[in-house]
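Subject: Structure for your review

Dear colleague,

I am handing over the structure we spoke about, together with notes on what was found in it. Please open it beside this message and read the two together.

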Amino acid sequence: AAVSVFAVIFLNLMGYQNEIKKVAYIILSFTLLQSFTEFNYSIFRAFEKMFYEMIIKLLRISALVSFILYFGSQGYDIFKIAFVFPIVELVMLSLSFLFIYKKFIDVKPEFDNSIICGIGQGNTIFLVNYRVDQME
């Protein structure tokens, strides 16, 4: 997040044209989405199922190349082509979440009384403890 803030400040201070700023902001959103996808890869690695990571990476690069070549050949400007990056990454992030929740973890919301008792006498807080179990 700090790098994103720095990038926005830098782009505005340097006086770039608005079109260049817009493309940079779009690519910045792609980078932020990609960091979440990369985080999900750690789950694949933890379970030693790196082929899910490979599937997503192959789909990402194939989709990016295909869409960029298509939109470039149709005469779209760089601003519209830049939108391909975050859109494709959002699809890949969704796919990685789908793999995680279907293949690796089972999320079950539960109410845990021990958490409430451990917080203290004066506070009344409702907490939900999410128990994540490995699916086999």
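The notes below go from the overall fold to individual residues and aromatic rings.

Please keep in mind that this is a predicted model, in which local features need a pLDDT of at least 70 and side-chain atom pairs count only at pLDDT 80 or more, whereas totals for chains, interfaces and linings use all residues. Residues are numbered from 1 along each chain as its sequence is written, and side-chain values use heavy atoms, with hydrogens and water left out.

The protein has 6 helices and 2 strands, where helices (H or I, at least four residues) and strands (E, at least two) are DSSP runs numbered from the N terminus. Along the sequence these elements follow the pattern α-α-α-α-α-β-α-β. Of the 136 residues, 22% are buried; here buried means under 20% relative accessible area, exposed means over 50%, and partly exposed lies in between (1.4 Å probe, protein chains only). Taking a contact as heavy atoms within 4.5 Å, 57% of the contacts between residues at least 6 apart in sequence join residues at least 24 apart. The protein exposes about 9,500 Å², of which carbon and sulfur atoms supply 66%; accessible areas come from the Shrake-Rupley method with a 1.4 Å probe, and for residues only the protein chains shown count as cover.

Glu48 is exposed, with a relative accessible area of 65%. Glu53, by contrast, is buried at a relative accessible area of 7%; this residue lies in helix H3 (residues 50-73) and, leaving aside residues up to four places away in sequence, touches Tyr41, Phe44 and Arg45.

Phe51 is also found in helix H3 and is partly exposed, with a relative accessible area of 41%. Together with Met54, Ile55, Leu58, Leu59, Ile61, Val65 and Leu69, Phe51 makes a nonpolar surface patch of about 720 Å². Patches are made of residues with over 30% relative accessible area and no salt bridge, with like charges joined within 9 Å and nonpolar side chains (Val, Leu, Ile, Met, Phe, Trp, Tyr) within 5 Å; a salt bridge is a side-chain nitrogen of Lys or Arg within 4 Å of a carboxyl oxygen of Asp or Glu.

For the aromatic side chains, rings of Phe, Tyr and Trp (its six-membered ring) pair if their centres lie within 6.5 Å, and planes under 30 degrees apart count as stacked, over 60 as edge-to-face and the rest as tilted. By this rule there are 12 aromatic pairs. One of them joins Phe51 and Tyr52 in a tilted arrangement, 4.4 Å centre to centre with 35° between the planes, and Tyr52 is buried at a relative accessible area of 12%. Another pair, Phe97 and Tyr101, is stacked, at 6.3 Å centre to centre and 20° between the planes. Both of these residues lie in helix H5 (residues 84-104), 4 residues apart, which is about one turn of the helix; Phe97 is partly exposed at 34% relative accessibility, as is Tyr101 at 44%. Ring pairs also link Tyr41, Phe44, Phe51, Tyr52 and Phe99 into a cluster.

With kind regards
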